[in-house]
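Have the model open as you read.

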Amino acid sequence: MNTEITDNKAVPPSGWICYDGDCPLCLRWLRRVERSLSVAGFGFVPLQTPWIKARLKLAEDDPLTEMRLLRANEQLLGGADAAVILMRYVWWLWPLWLLSRFPVMMPIFRATYRRIAANRVCATGMCSLGSNRRPATANPWLTWLPVILLPLATLPFRAQLPDWVFMWFFVTAMFFGCKWLTWRRLANAGNQTTRARTCAYLLLWPGMDARAFLTGKQDEVPTTGAWVFGIGRLLAGIGLVWSAAHQALTANDIANAWLTMLGLTLILHFGIFHLAALAWQRAGIPAKPLMQSPATATSLADFWGARWNTAFNKLIHDLAFRPLARRMGIGGATLCVFAISGIIHELAVSFPARGGYGLPTGYFLLQGVGVLLERSKAGRALGLGRDLRGWLFMVLITAGPAYWLFHPTFVQNVILPMLKSISAI
């Protein structure tokens with residue numbers, strides 16, 4: 001929608017935002033963005049206001065199907081076209097505005113806006129527009145769309161960025177898409193939290209357990225030993241990356257690449273993320289460390305299910321394993337979940353490296369087969385899921401074929417160029 005209208009009613013410097021004053025969903029979103037948009041020079045007025053209805057030429061019985069934006073230059077925009085303009089002025093919506101600049105995105109935005117508007121919750125608790133009446137908070141488009149759109153938004157930059165920079169860019173987009181998904185699922189369930197805590201969850205915590213972080217309370221204070229242990233692993237990781245960049249331990253490129261990957265794991269998962277968990281616990285928020293002593297796992301199932309990267313485990317268990325287990329049983333769901341893990345790692349590893357496709361999926365399918373084997377009658381008889389035999393089996397299956405996961409193409413095209421850049425710095 002883009003028309004020209006005139007009237008002598010004063011318009012704020014950036015324009016009037018005209019919204020449905022009887023729609024709880026509209027009012028809730030307005031409260032979230034009001035401060036940012038007010039600073040940017042926008043004013044707010046309900047569409048039910050007599051002078052605005054006259055100015056927009058709305059009859060008394062006209063359905064209010066979309067918001068309107070009346071610009072200072074008398075330009076009138078409606079629906080998604082108005083929404084994306086406003087996103088530019090709200091810092092946490094700015095990535096969606098940037099995404100809307102790509103040619104294929106606006107039709108998707110408009111279709112999404114129309115669907116949300118047609119199913120929004122009104123004063124009666126149900127939408128008065130359309131026959132498909134469903135609460136807006138349960139709208140799957142709003143929940144799942146960023147999971148798809150954020151990674152897609154990185155693709156135009158692929159040709160301009162080195163492969164290793166693009167890898168971090170792409171993985172970060174995937175991460176924030178998942179963060180949005182977990183937050184929206186909690187909001188859909190009706191849970192309430194503060195704005196500050198929401199921002200902390202979305203921006204300052206890598207975990208995916210939204211319910212615990214946003215609504216829970218931590219009573220225990222981390223011990224001094226936990227802080228020392230986390231700082232020690234962080235320093236050890238920095239030392240490994242520094243040694244690999246300066247070839248202090250070995251001059252072999254492949255060995256230094258693996259030292260770099262080990263060092264980055266210590267820096268991020270065992271260092272920074274662990275210290276962040278301790279900091280949030282100290283603040284009274286139950287932030288569970290992502291790594292739960294994975295080297296002490298005495299079974300493959302324990303390693304993947306409870307100790308290694310618990311943020312991803314929580315997410316995939318809730319979204320994939322539980323619904324799949326109801327349809328195909330534990331065994332089938334286990335293999336499917338590991339296959340999904342493989343596909344995700346194809347995107348995070350093989351796609352930025354431009355090769356090696358299939359190897360990460362093969363690695364995770366092997367993990368799934370290993371879990372089923374240790375749970376089988378023969379596996380139980382061999383003691384594969386407990387004690388020393390279980391630990392040895394876990395190490396063999398996880399570490400033995402690790403080169404499938406971080407395959408040679410990834411090492412050559414991503415890790416070694418990144419190591420050279422670190423060395424140059």
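## A bent helix

First, a term: the bend at a residue is the angle between axes fitted to the seven residues ending there and the seven starting there. Keep in mind that this model is predicted.

With that in hand, look at H13, which bends by about 130° at Met-328. The end-to-end span of H13 is worth a check too: the helix runs over residues 310-353, 44 residues in all, yet its end C-alpha atoms are only 26 Å apart. A straight helix would reach 64 Å at 1.5 Å a residue.

## H12 against H16

Now for a helix pair. H12 (residues 300-307) packs on H16 (residues 387-399) at an angle of about 70°, and their axes are 8 Å apart. That angle makes H12 roughly perpendicular to H16.

On the H12 side, Leu-300, Phe-303 and Trp-304 make the contact, while H16 brings Phe-393, Met-394, Ile-397 and Thr-398. By type, the contact residues split into 6 nonpolar, 1 polar and no charged.

The whole structure holds 21 aromatic pairs. One of them is Trp-304 with Phe-338, an edge-to-face pair at 6.4 Å centre to centre, with 85° between the planes. Trp-304 sits in H12 and Phe-338 in H13, so the pair ties together parts 34 residues apart in sequence.

Methods. Residues are numbered from 1 along each chain as its sequence is written. This is a predicted model: local features need pLDDT of at least 70, side-chain atom pairs count only at pLDDT 80 or more; totals for chains, interfaces and linings use all residues. Side-chain values use heavy atoms; hydrogens and water are left out. Axes are lines fitted to C-alpha atoms, for helices over the stretch in contact, and angles run from 0 to 180 degrees between N-to-C directions. Helices (H or I, at least four residues) and strands (E, at least two) are DSSP runs, numbered from the N terminus. Angles under 35 degrees count as roughly parallel, over 145 as roughly antiparallel, 65 to 115 as roughly perpendicular and the rest as oblique. Contact means heavy atoms within 4.5 Å. Ala, Val, Leu, Ile, Met, Phe, Trp, Tyr, Cys and Pro count as nonpolar, Asp, Glu, Lys and Arg as charged, and the others, Gly among them, as polar. The expected span of a helix is 1.5 Å times one less than its number of residues. Rings of Phe, Tyr and Trp (its six-membered ring) pair if their centres lie within 6.5 Å; planes under 30 degrees apart count as stacked, over 60 as edge-to-face and the rest as tilted.
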